[in-house]
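Welcome to this structure! Here are some notes to read alongside the model, as a friendly guide for a first look.

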Amino acid sequence: MRRIVSTAVLFATTFGVAFAGLRAGERNISAAAQQKPDATEVKIDNFSFGPAELKVSVGTTVTWTNRDDIPHTAVSTDKTFKSKVLDTDEKFSFTFSKPGTYEYFCSIHPKMTGKVVVQ
Amino acid sequence: MTAKSKDELLHDHNHDGVDRRGFLKCMAWAGTGAFCIMQGGVLKSYSMSQMAQMGGKVGKGELSFVQISDSHMGFNKAANPDVVGTLKTAIDKVNALSTPAEFMLHTGDISHLSKPEEFDTVDQILKGATPKDIFYVPGEHDMLNDDGKQYLERYGKNTKGAGWYSFDKKGVHFIGLVNVLNLKAGGLGTLGHDQLEWMEDDVKHLKSSTPIVVFAHIPLWSVYPEWGWGTEDSAQALAYLKKFGSVTVLNGHIHQTMQKVEGNVTFHTAASTAFPQPEPGKAPSPGPMKVPAEQLKSVLGITDVNYVHGQHALAVVDSSLA
């Protein structure tokens, strides 16, 4: 009998913790949406940067990945950052230490443009 | 150019069966072996079989050369895993031309990633070509990472600025232009002030009867600006050529044949020897187009250009590698 009770308590406790954990997790996700960057990755697909506009907080590292069969670059118009030529699946990362709006483009295919807003 | 004069140009003045419809038909043939000829401002087109019959009429004074483009050495994706093989096939095709080519033009994107070994491989394959003189202009893929330093060392010994130059062959004046450097965000190909000034000076002393051939990588006409297929300041370059009776503009970059006639200027783009790209706006992006393996050679090709003295005409013939 005693054994049964303790099992029940254990069950209730485990369930309760798990449930609380889930709720805590939910809160964390919504907090992240408000305070942390939406994304730190830009994917290059079909001759375009996605997302074309990215909002991040100061100190965020943004990584560009080229998923096209053609090489691309990510070069800011004010020369703050300049990737090497990225062949298929190659990546380039840059950490934004100052707030501002950084417009960039592919120096090989200049019709491809994007923007990183650092707050 | 007004719509009226365009109509006049394409109208069937000579009752030779070439009207606007005929012109479009000629365009449709491009890539499958068409023969288009400008004569006295009227475009004429002939099938390959008619050309064979005309063969005997082509006499001395003829200048024949070949344009190849976009060999993209180093490219190894699904659209063509064997760009070495297709470039070799293109050179076989050049060597088999019934009228031997005196020289070749390569309109850029020799390499895919500007790697020394890519240029080396192309150089080695082109040594097998019958025409020994090859005149280059760079594509954007040839000037990656170093603003063209390596390209100029290899191919630009006797050129000006970023690699532009001119030369004469049998009375035809050739102008090689560079429009792939210093590209601006959101923009198209660019020639730039220095090159335009040089060009104005280069053609100033020429007689208006001199046939002109301009070659550059990115089209010098607005093919499809949404994909960057055009050159910002090409109108200025063409303005310097207004006085000339015959101007032929040869480009690459778009990996498909296309032709347009405007006044005395014939614009033409060559096929790639490496992989095809989609027709303007017919795909989400201008990336390499994958076709069934057995069809690949039918969408790659070379361009053969013939000039006949006294006829005031340059004939542009596209042949696929199939």
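Predicted model: local features only at pLDDT ≥ 70, side-chain atom pairs only at ≥ 80, totals over all residues.

1. A definition comes first: two strands are said to pair if DSSP finds at least two bridges between them. With that in hand, look at chain A, where strand E1 (residues 41-45) and E2(A) run antiparallel and are joined by three bridges.

2. In chain A, four strands make up an open sheet with mixed pairing, in the order E2-E1-E4-E6. Its edge strands are strand E2 (48-50) and strand E6 (91-95) of chain A, each of which pairs on one side only. From one strand to the next, the twist averages 20 degrees.

3. The peptide bond between A:Gly50 and A:Pro51 is cis, with omega at about 0 degrees. A:Pro51 belongs to the loop between E2 and strand E3 (53-56) of chain A.

4. Chain B has an open sheet of six strands, again with mixed pairing, and the order here is E6-E7-E8-E9-E11-E10. Strand E6 (165-169) and E10 of chain B each have a single partner strand, so one side of each has no neighbour in the sheet. The average twist from one strand to the next is 15 degrees.

5. Within this sheet, E7(B) and E8(B) are parallel and share four bridges. B:His173 is found opposite B:Ile212 in E8(B). Which way do the residues of strand E8 (residues 212-215) of chain B point? B:Ile212 and B:Val214 point one way, B:Val213 and B:Phe215 point the other way, and all are buried. A helix also belongs in this picture: H7(B) lies across E6 and E7 of chain B and runs at about 175 degrees to E7(B).

6. At the other end of the strand order, strand E10 (residues 258-262) and strand E11 (residues 265-269) of chain B pair in the antiparallel sense over five bridges. B:Met258 has B:Thr269 opposite it in E11(B). The two strands form a hairpin with two residues between them, and B:Gly263 in the turn has a positive phi of about 60 degrees.

7. Two other residues of chain B have a positive phi without being glycines. For B:His72 the angle is about 45 degrees, and for B:Asn182 about 55 degrees. B:His72 sits in the loop between E3 and H4 of chain B, while B:Asn182 is in the loop between strand E7 (172-176) and helix H7 (193-204) of chain B. Are they buried or exposed? B:His72 has 2% relative accessibility and therefore counts as buried, whereas B:Asn182, at 56%, counts as exposed.

8. Finally, do look at B:Asp70, in the loop between strand E3 (63-68) and helix H4 (83-95) of chain B. B:Asp70 is buried but has no salt bridge, and B:Lys77, the nearest side chain of opposite charge, is 16 Å away. What does the side chain of B:Asp70 join by a polar contact? The partner is the side chain of B:His255, at 3.0 Å. Leaving aside neighbours within four places in sequence, B:Asp70 is in contact with several residues, among them B:His106, B:Asp109, B:His217, B:His253 and B:Ser272.

Note on methods
Residues numbered from 1 in each chain as written. Chains lettered and ligands numbered in written order. Heavy atoms only, no water. Buried < 20%, exposed > 50% of the residue type's maximum accessible area, 1.4 Å probe, protein only. Lys, Arg positive; Asp, Glu negative; His and termini not counted. Salt bridge = Lys/Arg side-chain N within 4 Å of Asp/Glu carboxyl O. Polar contact = N/O pair within 3.5 Å; in protein donor to acceptor, adjacent residues only side chain to side chain. Contact = heavy atoms within 4.5 Å. Axes fitted to C-alpha atoms, helices over the stretch in contact; angles between N-to-C directions.
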